[in-house]
Amino acid sequence: MPVNMDHHWLPFSNNRLFHAEPQMFESAKGVKYWTPEGREVLDGSSGLFTCAAGHGRSEIAEAVYEQIQKLDYTPHFQRAAPISFELAEKLSGLLPEGLDRIFFASSGSEAVDSAIKICLAYHKANGDPQRTKLVSRAWGYHGVNLGGTSLAGMVGNRRDFGGITCDVVHMRHTWNEDQRYTRGQPEDGAHLADDLEAICQTYGGETIAAVFVEPIAGSIGTIVPPVGYLKRLREIADKYGILLVFDEVITGFGRTGAAFASQEFGVTPDVMTMAKALTNGAIPMSAVAVKTEIQTRVIQSITADRPELMHGYTYSAHPVACAAALATLKIYEDDRLFERGKALSDTFLDLVYSLRNLPQVTDLRGYGMMSGIQLKPGAAPGEKGSIVQRRLFDEGLHVKATGDALIFAPALVSTEEELTQMTAILQKTLGDAELA
Ligand code: PMP
């Protein structure tokens with residue numbers, strides 16, 4: 001049946017181009033999508049880093065169905081449902097030691113904005129209300145709400161929106177030419193964390209509330225932190241009393257080998273955001289995990305009978321989302337999916353690095369089950385990325401382009417055969433020297 005496309009304004013899309021050449025998915029199972037015409041398209045980006053356990057998981061569907069019938073919604077303002085405590089407890093068992101107080105929201109962007117407000121509230125409660133400045137990093141992505149847009153280091157994400165709220169200073173990103181084709185962490189570059197020290201000296205460390213980084217920058221096309229970089233950031237943040245926030249919206253839930261990149265790289269932040277694979281993408285949900293003392297301090301700062309954090313969303317800790325998350329975490333545990341992802345990573349990265357000498361490839365980056373494939377640029381920035389993304393869709397592979405890079409990050413349940421099939425499609429398309 002033809003679809004009337006007049007009314008839905010698509011996010012993150014060129015709507016005119018979409019109307020001319022629609023790319024639709026109508027169903028999905030495992031690591032495959034199907035178009036309305038019934039054509040199979042392999043999922044090389046786990047949806048958008050969301051569907052780590054593959055699409056169409058009946059365990060999640062059943063949990064959601066049961067929860068809606070049992071309790072479909074809970075209000076806040078001194079009300080809650082037991083299921084949200086159950087989920088928070090479960091999550092705190094997965095998180096690095098000490099990060100055990102969990103605030104829920106519905107998207108990565110909401111988690112980031114919540115994290116900013118928690119950091120500000122903490123400093124105020126701590127007698128440091130002048131700590132209002134934030135630090136983030138060039139090429140970083142932290143969602144599209146006002147706080148996350150302010151933190152954005154991908155310039156295109158701020159360009160159209162004028163001067164936006166928060167006071168943010170950016171560190172440099174960590175990529176350079178010498179790192180081309182590095183597999184895993186680059187050896188050199190820990191000194192780039194000293195940008196935080198320089199910012200402290202310029203603005204006064206006592207004015208800075210928090211530094212936000214993605215442990216592996218995902219949305220720009222997988223930029224892996226140099227050895228020692230995150231540890232150095234931790235040391236400088238500690239020296240100046242700045243909260244370290246890891247945005248693990250992409251890197252959480254087994255993507256890097258451990259449950260969280262924080263554990264993989266052995267650096268514990270004060271605050272962590274997560275979303276996407278928390279519910280395997282099936283129901284919107286995100287969370288902010290904070291160290292015990294952050295919550296304790298904020299709670300103790302209020303003596304009157306009023307909320308200590310005047311923040312939350314109608315859909316925070318939504319019971320149906322909690323049910324989806326619990327079912328998802330059970331799959332991760334029962335199927336030992338993080339271990340599976342770790343074990344699969346070598347094969348995956350071998351396949352990724354087999355693309356090295358193709359005419360359209362100028363750099364490869366990879367860690368765990370995520371990789372970035374940098375393309376030979378086209379006539380205008382981002383043009384080659386769109387052309388390749390479209391061509392791959394026609395060839396039967398969904399891979400997200402970001403500028404002139406591809407984000408190849410298949411589900412942790414992928415088989416070697418499926419990964420090989422995906423790579424063969426990449427090989428064919430990126431091997432076309434004429435592609436323009
Ligand atoms: N932070 C990071 C690191 C992300 O990758 C994303 C989404 N790609 C977000 C925040 C925003 O998440 P959402 O799109 O769910 O708002």
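Me: Which residue is the bridge partner of Asp-43 in strand 13?

Reply: Start with the term: strands are DSSP runs of E, at least two residues, numbered from the N terminus. Here, the partner of Asp-43 in strand 13 is His-398. This is a predicted model: local features need pLDDT of at least 70, side-chain atom pairs count only at pLDDT 80 or more, and totals for chains, interfaces and linings use all residues. Numbering runs from 1 along each chain as its sequence is written.

Me: How many bridges join strand 3 to strand 13?

Reply: Two strands pair if DSSP finds at least two bridges between them. Strand 3 (residues 40-43) and strand 13 are joined by 2 bridges and run parallel.

Me: What is the strand order in the open sheet?

Reply: The order is 1-2-3-13, 4 strands with mixed pairing. Strand 1 (27-29) and strand 13 (397-398) are the edges, each pairing on one side only.

Me: Which residues are closest to the ligand?

Reply: A residue is near a molecule if its C-beta atom, placed from the backbone, lies within 6 Å of it. The ligand has 14 residues around it, the closest being Ser-107, Gly-108, Ser-109, Gly-143 and Val-249. Helix 5 (residues 108-125) gives the largest share of this shell, 3 residues.

Me: What percentage of the chain is buried?

Reply: Buried means 20 or more other C-beta atoms within 10 Å of the residue's own, with C-beta atoms placed from the backbone. Of the 436 residues, 49% qualify. The C-alpha atoms fill a box of roughly 65 × 55 × 45 Å along the principal axes.

Notes:
Buried ≥ 20, exposed ≤ 12 C-beta atoms within 10 Å, placed from the backbone.
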